[in-house]
Amino acid sequence: MTHTLLVAGTASHVGKTTIVVGLCRLFASFDTPVAPFKAQNMSNNAHVVPTPSGGMGEIGVSQYVQARAGDVHPTTDVNPVLLKPRGDGDSQLVINGQAVGHYEAGEYYAEHWDRARSAARTSWERLSEEHEYVVAEGAGSIAEINLHHRDLANVETARFADADILLVGDIERGGVFGSLVGTLSLLPDDLRERVVGCLITKFRGDRSLLAPGIEAFEQRTGVPVLGVLPYDDPGLPEEDSVALPPETERATVGTDDGVPETESVTIAVPRLPRISNFTDLTPLERTPGVRVTYLPLSAGKQLAAADGVVVPGTKNTVDDCLALRSNGFDASLRAFDGPVVGICGGYQLLGERLTNAAVEATGSIDVVEGVGMLPTETRFSTEKHVEPVNRTIHGCGPLDGATGTITGYEIHMGETTLLSPVDRPFDGAGAATDRVLGTYVHGLFENRSVRAAFLDSVFTHADLDRSEADEPVRRVDLEAACDRAADLIREYVDLEPLGLPTRGPNDVY
């Protein structure tokens with residue numbers, strides 16, 4: 001019999017993802033077959049994986065990381081339902097890795113939720129046939145009583161998976177005991193009986209000060225507190241734009257690397273309202289001597305102080321292109337004389353025009369002029385392109401000098417064609433001039449040769465020498481982050497009630 005543990009929360013962002021990563025890594029360290037699972041996720045940061053039928057589809061990046069932590073080759077079964085918000089109240093619905101359409105919440109629940117539930121249950125059944133343990137992640141709060149009759153990631157998962165529940169509360173927000181007690185009191189009776197324990201996360205200070213509260217909580221509820229996790233960021237990829245600054249605020253990442261500002265470069269990133277797959281920037285953020293600054297669209301004139309620009313992906317290219325223009329950011333981009341790279345939606349934005357735009361936009365507009373920095377045209381259709389890629393790079397433009405083979409993945413609506421001859425950096429794909437490059441490849445900067453070539457061009461533009469020291473590679477960072485998450489669980493959590501395998505007293509984890 002497969003054992004399923006549902007990691008549920010009192011609210012969003014209480015640490016559920018990190019806990020699932022840590023548990024999956026611990027199970028893997030015991031050589032125990034384990035799979036992560038999130039029945040329904042909402043995220044614009046996605047990754048390409050195989051579908052059970054043999055095609056390719058997309059899942060939330062967190063489930064991809066959780067599978068990696070558990071030493072599992074992920075398929076879309078680990079995240080069978082994905083909602084990708086694109087603004088104005090609607091989201092793209094992805095079931096079993098394939099885009100179904102764009103719907104407002106009411107339409108999704110009325111017309112597509114039963115199909116989503118069926119897909120989620122079938123995916124869990126397949127996982128349970130192949131793995132001894134399934135560690136499921138809930139979504140938001142399990143106490144949303146207005147949604148209990150259609151809460152796929154929490155209520156439905158607990159029921160069809162016959163899951164034990166681990167309830168997680170975040171003490172940094174304040175009122176953690178009230179949140180835990182309130183959540184337990186609002187659970188349906190059958191779910192309340194499944195709760196095997198609680199975790200308190202993001203604690204700072206002397207744990208002994210919590211002892212009276214924990215004792216009182218356990219006496220009141222009969223539910224044990226299995227651990228108190230300290231405030232710690234293992235360095236896992238962010239799942240959604242909540243981790244980014246608001247659209248109207250400027251923020252810089254990477255200033256804590258110990259490199260003097262006079263020896264560092266700044267890469268500006270326009271803070272698109274519908275930004276997606278911003279994890280593409282992570283390898284740059286983690287490189288010593290590199291600052292990544294997210295700029296509000298109203299602050300386009302500040303581009304002049306940057307040394308390079310990356311235009312990221314977007315869930316709605318057309319509306320974000322219009323937002324660029326209405327704020328004058330497009331003119332600032334054209335005036336910038338340093339290296340510029342556009343990825344996916346950013347590539348489309350940098351072209352001459354976007355056609356059949358009503359497919360992508362929230363209005364009925366047909367043709368939208370792009371920023372005009374690449375001689376390309378993108379035509380949108382309802383068909384979505386999803387595939388992993390493995391290509392030879394022909395270094396040119398901002399990536400001059402890059403060689404070898406790159407890996408990554410593509411997830412996009414629309415096809416881009418050239419309007420005039422231009423360099424093609426990746427086996428006939430993408431487009432580049434002497435200082436501007438566009439590509440559909442996500443994970444671009446995870447490739448060392450690409451990252452090094454781009455940073456060479458940025459440092460050259462800044463008139464600075466770049467250190468030749470070995471740079472951190474994202475895969476190494478990801479493995480270290482998974483290990484750190486596992487260390488937190490191992491050190492601070494009572495594992496036995498969670499069903500983890502136990503070892504002899506002389507064994508070392």
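Where does H442 lie? H442 sits in the loop between β25 (436-439) and α13 (448-461), with helices (H or I, at least four residues) and strands (E, at least two) taken as DSSP runs numbered from the N terminus.

Quick housekeeping, everyone. This is a predicted model, where local features need pLDDT of at least 70 and side-chain atom pairs count only at pLDDT 80 or more, while totals for chains, interfaces and linings use all residues. Residues are numbered from 1 along each chain as its sequence is written, and side-chain values use heavy atoms, leaving out hydrogens and water.

Now, the annotation. An unreviewed UniProt entry gives "active site" for C344 and H442; such annotations may be inferred rather than shown by experiment. The two are spread over 99 residues of sequence, yet they cluster in space, with a largest C-alpha distance of 7.2 Å.

Let's stay with H442. At 1% relative accessibility, H442 counts as buried, meaning under 20% relative accessible area with a 1.4 Å probe, protein chains only. Not counting residues up to four places away in sequence, H442 touches N277, D280, I343, C344, G408, Y409 and I411, a contact being heavy atoms within 4.5 Å. The H442 side chain also makes a polar contact with the side chain of D280, at 2.7 Å.

And its partner in the annotation? C344 lies in the loop between β19 (340-343) and α12 (345-349). C344 counts as buried too, because its relative accessibility is 8%. Beyond its neighbours within four places in sequence, C344 is in contact with residues including G313, H412, T439 and H442.

Terms used. Buried means under 20% relative accessible area, exposed over 50%, partly exposed in between (1.4 Å probe, protein chains only). A polar contact is a pair of N or O atoms within 3.5 Å; within protein, one must be able to donate a hydrogen and the other to accept it, and residues adjacent in sequence count only if both atoms are side-chain atoms.
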